[in-house]
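Here is a short briefing on the fold and backbone of one model. Look over the sequence and structure first.

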Amino acid sequence: MNKTLILGIETSCDETAAAVVSGGSRLHSNIIASQAELHRKYGGVVPEIASRRHLETVNFVIEQALSAAGCTFSDLAAIAVTYGPGLVGALLVGVNTAKTLAYALGKPLLAVNHIEAHIAANYLVQEIQFPAVCLVASGGHTTLLYLAARGEAELLGATRDDAAGEAFDKIARVLNLGYPGGPAIEQAAQSGNPEAFSFPRAFSGRDDLFEFSFSGLKSAVINTVHRLEQKGEKTPAADVAAAFQQAVVEILVEKTRLAAAEKKVKTVLLAGGVAANSLLRDRLEQVLREDGRKLFYPPPDLCTDNAAMVAAAGWDLFREGKFAGLDLNAVPVLDIFRQGE
Ligand code: KG4
Ligand code: ZN
């Protein structure tokens, strides 16, 4: 047995994933079975279909992760699984699979918060100097955090309504660009003019400096598209995508820059699916460099949902002996400070 080898399992949304990581940072395998194709025709994730597909796939994905890592179940030190936040039926597949394995193998079970896991994706690619500020932007969350050390997160602010990724997905649907929306908008925007439309940015006042709001922007884009349709004009999808992407990126960059300045950190991390966006990476990197700070982010396949990040975050729980019981349940609504109920 390798005393640091952790199997991670992730089924919170529409990726069935398993990975093997040692010592919380060394990646041995990372298998992701995406369901995107299955949900595409519905324009978003259908929870029942997601759970059923997780059930059909999870055992094969785990077998592949072990075989690609060149290890067996008996080599593992522990089993880590995402237990929330996410879709309850989808989460339950991973949680029950992990509990069964932990029981049958007599290994510790580690209950990982999906948001902590997104942050931990950064630890798989580079050594991080703390303290740091982290922007987690995904389909379900847009949150600014202060990290005093690895695994120690303090909330600075979050979205009051839609998450950034959710806004990308909705606008992509309105523009008929397909699902998932983020990559589709990013691609369409490449041939668009970001100045063709001027969409609102919600920056707000001093007391809610680190909070986000994307619902006004989303409505403004949708209203613009509807107005064009009513006038019988063809929507210039590339221009709308480019102007929308620019607005979201500007908000994310400005607030993250302010948070880093206020907390006086040298290090800033990006995490979550939206962190795969090249415009966000480039703009943020540029403004932080001007301020004398350094930006880190995982490669795109470690930004979106995967199990390597779950195994990496599981390592922090393992080191501290924070093992979950076999009564672990899925917790669909879970913030970053609560470790279960
Ligand atoms: O982290 P993630 O895989 O799942 C959640 O935990 O939600 O994030 C998925 C979100 C989706 O909303 C997707 O549209 C967005 O991340 N996304 C992107 C990009 N790639 C994925 N958003 C903008 N640009 C991208 N390149
Ligand atoms: Zn995620």
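In what follows, buried means under 20% relative accessible area, exposed means over 50%, and partly exposed lies in between, using a 1.4 Å probe and protein chains only. By that rule Lys 264 is exposed, at 68% relative accessibility.

This is a predicted model, in which local features need pLDDT of at least 70, side-chain atom pairs count only at pLDDT 80 or more, and totals for chains, interfaces and linings use all residues. Residues are numbered from 1 along each chain as its sequence is written, chains are lettered from A and ligands numbered from 1 in the order in which they are written, and side-chain values use heavy atoms, with hydrogens and water left out.

**The sheet**

- Helices (H or I, at least four residues) and strands (E, at least two) are DSSP runs, numbered from the N terminus.
- Two strands pair if DSSP finds at least two bridges between them.
- An open sheet is built from 5 strands, ordered E3-E2-E1-E4-E5, with mixed pairing.
- Neighbouring strands are turned by 20° against each other on average, direction ignored.
- Axes are lines fitted to C-alpha atoms, for helices over the stretch in contact, and angles run from 0 to 180 degrees between N-to-C directions.
- E1 (residues 5-10) and E2 (residues 15-22) run antiparallel, joined by 6 bridges.
- Ile 6 has Val 21 in E2 as its bridge partner.

**Helices on the sheet**

- Contact means heavy atoms within 4.5 Å.
- H2 (residues 47-69) packs on the sheet and touches E1, E2 and E3. The direction of H2 makes about 25° with that of E2.
- H11 (residues 308-319) also packs on the sheet, touching E1, E2, E3, E4 (78-84) and E5. The direction of H11 makes about 125° with that of E1.

**Cis peptide bonds**

- Most residues other than glycine have a negative phi, and most peptide bonds are trans.
- The bond from Gly 84 to Pro 85 is cis, with omega near -10°. Pro 85 sits in the loop between E4 and H3 (88-105).
- Tyr 179 and Pro 180 are also joined by a cis bond, with omega about -5°. Pro 180 lies in the loop between H5 (164-174) and H6 (181-189).

**Positive phi**

- Asn 176 is not a glycine, yet its phi is positive, about 55°. Asn 176 is in the loop between H5 and H6 and is exposed, at 70% relative accessible area.
- Lys 264, also not a glycine, has a positive phi of about 50°. Lys 264 is in the loop between H8 (237-263) and E9 (267-271).
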